[in-house]
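Here's a quick tour for anyone opening this model for the first time. Take a look at the sequence and the structure, then read on.

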Amino acid sequence: MTRFQSTSPHRDESPIDLERIRQKFPNWFQRFLPSGGGSHEDHHGKGMFGFTVFLLSESIVFFSFFLTYAALRLNTPDWLPPGISGPEPTTFVMINTVILLSSSVVIQLAERALSRHHHSRFRGLWLLTSLMGTYFLIGQGIEWSNLNFGLRTGLVGATFYILTGFHGLHVVAGVILQVIMLLRSFDRNNYNHGHFGVSATTLFWHFVDIIWVILFSLLYLW
Amino acid sequence: MPQLLEYILLTVFIAGLIFVSHWLGQQAYTWMPAQATAEAQRVDDLFSFLVAIGAFILLGLVGMMLYSVLFFRAKPDDYSEGHPARGSAKLEILWTVAPVLLVAWIAFQNINIYEQLNILGLQQIVQLPFGMAPATAAIAPPQQSPETAQTTPKPAAETVQVIAKQWNWLFRYPNGVTAQELHLPVNESTRLDLKAEDVLHGFYIPEFRLRQDAVPGRNIALVVTPIREGKYRLQDAEFSGTYFALMQADVYVESRPAYEQWLTTVAQQPQAFRNTATLEQQHPPQTLFKTSWYPGSSDPASIAASFADSFKPKDDRS
Amino acid sequence: MTHSSNNTAIDDSDRRSPDYPLPDWRQYLRFSQDHKVIGVQYMVTTFLFFLIGGLLAMLIRGELITPELNLVDRPLYNALFTLHGTVMIFLWIIPFNAGLANYLVPLMLGAKDMAFPLLNAIAFWIIPPAGILLMSSFFLPNGPAQTGWWSYPPISLQFPAGQPINGQLFWIVSLILLGISSIMGAVNFLTTIVWFRAPGMTFFRMPILVWSVLSAQLLQLINLPSLTGALILLMFDLSFGTNIFKPREGGDPILYQHLFWFYSHPAVYIMALPAFGIFAEVLPAFARNPLFGYRSLAIASLGIALVSIFVWAHHMFASATPDWMRIMFVVTSMLVAVPTGVKAFGWTATIWRGKLHLDTPMLFAMGGAAMFLFGGITGVMLASNSFDLHVNNTYFVVGHFHYIVFNTITMAIFAAIYFWFPKITGRMYTEGWGKLHFWLTFVGANLTFFPMHPLGLQGMVRRVASYPPEYQDWNVIASLGGFLLGVSILPFIANMIGSVLDGPRATNNPWEATGLEWTTTSPPPRENFAEIPQVIFPPYNYGNPRAYGEEPLTQTGEEVSNDENDE
């Protein structure tokens, strides 16, 4: 026993009893709330907490881009240089968007399948997600090559390519993560300690989709 | 009566603090350069106020620390507790509320003085990028914008264009004269239209207590009212590249007749253009460490030519 | 409850560390996942960068001893102050604090390690290459970045003219890498503090240093991405021909200033908060008083972090910012003084009526706290925009922030090094050399940075390699002080190296300080504690000698009074 051990119950000096409040929430939410200490062994919980924190931080890079875009656009009277139509929400782009957004549903279903130990169903849905992601990337490539402006075409070009490119990099990262998780799912002992990797990839994929919704509204609909 | 003694000591300490900080506040005026504008007096008043308050807090707390060091020393092996207080709700609330009131007071004083300065006169609508054709720049006339209504500069007798360009200051006067010296009539308001040609520059004359950046593509106006004749130095105060330190100009505040006299003289006999950066390039000072990191296009002739360009009369951009 | 006999912390006879073999030095060169090894790696690496940054500062002060140019030419001077600022901020203070926190936070929380040891190691190993990349730009044909650590466009876009590989690009890439490392660290710290507290280590039992690290790392997470965004955009403007910050092509250079300062002002608090935390650990230990107003100091840490998110535009009072923005940021900037004041009052009250032991850590902590008051007060002055317009970009500002980053933060760092040196190395340093180091540093720092205030009031602009002769007197004093600071580091280095190799063995708790880190051996074993500790005491429990191991617990381990209700 260490010196710091005692039979007396330890009291929380905080004005409110955080631990009791915490226990009122459902289990999945509790992992995001501060505990009274002693939760070392929850690997999935700490992993998801850390990853969520990271994504929130990452979203601020995007927000700094969004704000830059908005500020530039509001202060520039002739946003589109002569002869340039700017990005337009064509049917092609709309289909691309719908595919990406619906892949969020698919990946959620896949994760649920895994939690219920339906491994083959999980693999199928998971593969479908990454195919949808890949489709989106190819679609973006086609969209880029069809536009009548480039990176150096004024502010509209610079912001469009930097914003969509930075988002595209995240989609690439998401697809790579999905492929890794798919390969690892064939390892017999992979899920002995929970499926943090799959949950994190799912969360990441939702993040990429939410960013796309904002990006799409700013670039195509404004 | 040790208790009474403590209170007396405390009173003496605070009285001493008030005296010393008041004295420092008065001294603060002498730490500043000469007051060449009406605004300078107000800024110095604010500074004096800040010094007095700051000195009171600094000397008070450091005094307590020094007192502790002198009188609350432990014997070398005495690791027992000093005193058991872990906090005091009253004290803690007091020293949260007191700073709130104090900074509110300081902020109020500052904003009050800032209102009187009214130096900004920044026309926010003038974000007119260089490459833009006037036809496409659908800019509302200044008087129609509510925002400008508030920030319209004070009325001014004269308007001088200040052009900042690596690494020279140029001044264009109402009669079309361009010179490298800034001349201002004393006791009159002069409006300075700051323009930067290439990068950010900072318009700063210490005796005027006013500093404002010039931003390429924006027109920024600054109204100054010098009240003291003399020669001052304008220094670029926003880092602008290799020869940043050399980007200075002489400022003369003089009587109206002398000012008119100078304008007519220069109109007849333009001053020779002098580029300190180019001069230093031709005769680099001897330094222990030398590099070859000077920016490109250092051909002195071409730089001089581009500056000479600025001397030709041009239409006002605004 | 009985105590097992293998507990080294119980009775006086074995409070001395057993003859622990000193850790193998080679592990510090390896990719280790032990938070203590990583912490030491951070601290030693960043100290080397501190020496480099200091050398650059010596050259700057050498040039400024005379008004004319005679030591370095203008591009070199511009490169010197650019890299001095960048190295000191991004390669010294911020990563040093990360290293110190890396070492201490798990120990203070009673955890075995950080939450993500692998991520921790990767975060550290990004730093040496990023730093070397930055310094290597000295060998580029056009030299390193020369536009100040702000690198405001358009000047930062102008300088590398025509060179695709240039110092400015190296600067940007290096900073992006360091930013990624910081974010990894921040995620790790936040998770560790929220998840890895030992049983009983509730939030309001955490030491203030942990609170400050928590606040600082929250700021990293919220604000740093803005700098990364700005740097990415700047890189596109610089290398790929876009025009986002180019005013002549429709871009807006002021936007960069907003994005930059949105991070770089809170960066000051990211650097300062851990220093405040160090004061809160060292002052009670050497005044033998509980930290006064523990709870208000903990909340003040978060308060500083919160307010400092909304103060960035006070760096832009002279930029083309509108009136309403200036007024708003005057008010928010002033508000930072409130939680900061709470901290300063708390420290003073902690010392008051204590039993002071003026050992080296205490000297550095008290010196740092006193000089922080000076820097804080000039800070409030600068927040008053009417006055700021006079001294903006003058040496007054340089003096102010050096009083913060050197006279406060670096002093606090030295206090921390001396304070935890016995814990980290298992050896004691030499007290006399430590005191010499303190006095040289204290005198040198004031000689160097105080003269900058009158210079700034008189109107000497920062970043000039040559200056009008009337400013020379104060500059000579500042330069001599600067050289004294350079000398002051020598006894420190000698003391550290000598004591690590041949210092007397340290006991587990040489300062009789409270805190979980003092209950384990010096140096701590691989997983820090023989058993996960149970925390029953409030922090800074100097009233109860058992909290720092003075007397063993009673046979039953029952608490008689743990002073939780003393307020």
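## Ground rules

This is a predicted model, where local features need pLDDT of at least 70 and side-chain atom pairs count only at pLDDT 80 or more, while totals for chains, interfaces and linings use all residues. Residues are numbered from 1 along each chain as its sequence is written, chains are lettered from A and ligands numbered from 1 in the order in which they are written, and side-chain values use heavy atoms, leaving out hydrogens and water.

## Chain B at a glance

Chain B has seven helices and 11 strands. Those are DSSP runs numbered from the N terminus: helices are H or I with at least four residues, strands are E with at least two.

Of the 318 residues in chain B, 49% are buried. Buried means under 20% relative accessible area, exposed means over 50%, and partly exposed is in between (1.4 Å probe, protein chains only). Now for contacts, meaning heavy atoms within 4.5 Å: in chain B, 71% of those with a separation of 6 or more involve residues 24 or more positions apart.

## Rings meeting rings

Over all chains, there are 87 aromatic pairs. Rings of Phe, Tyr and Trp (its six-membered ring) pair if their centres lie within 6.5 Å; planes under 30 degrees apart are stacked, over 60 edge-to-face, and the rest tilted. Trp169(B) and Phe203(B) are edge-to-face, because their planes sit at 90°, with ring centres 6.1 Å apart. Trp169(B) is in strand 3 (residues 168-172) of chain B and Phe203(B) in strand 7 (residues 201-205), 34 residues apart. Both Trp169(B) and Phe203(B) are buried.

Over in chain C, Phe364(C) and Phe414(C) make a tilted pair, 5.5 Å centre to centre with 50° between the planes. Phe364(C) belongs to helix 11 (residues 360-383) and Phe414(C) to helix 13 (residues 395-425) of chain C, so this pair ties together parts 50 residues apart in sequence. Phe364(C) and Phe414(C) are both buried.

## Charges over rings

Arg73(A) lies over the face of Trp222(A), 4.6 Å from the ring centre. Likewise, Arg197(C) lies over the face of Phe203(C), at 4.1 Å from the ring centre. The rule: NZ of Lys or CZ of Arg must be within 6 Å of the ring centre and within 35 degrees of the ring normal.
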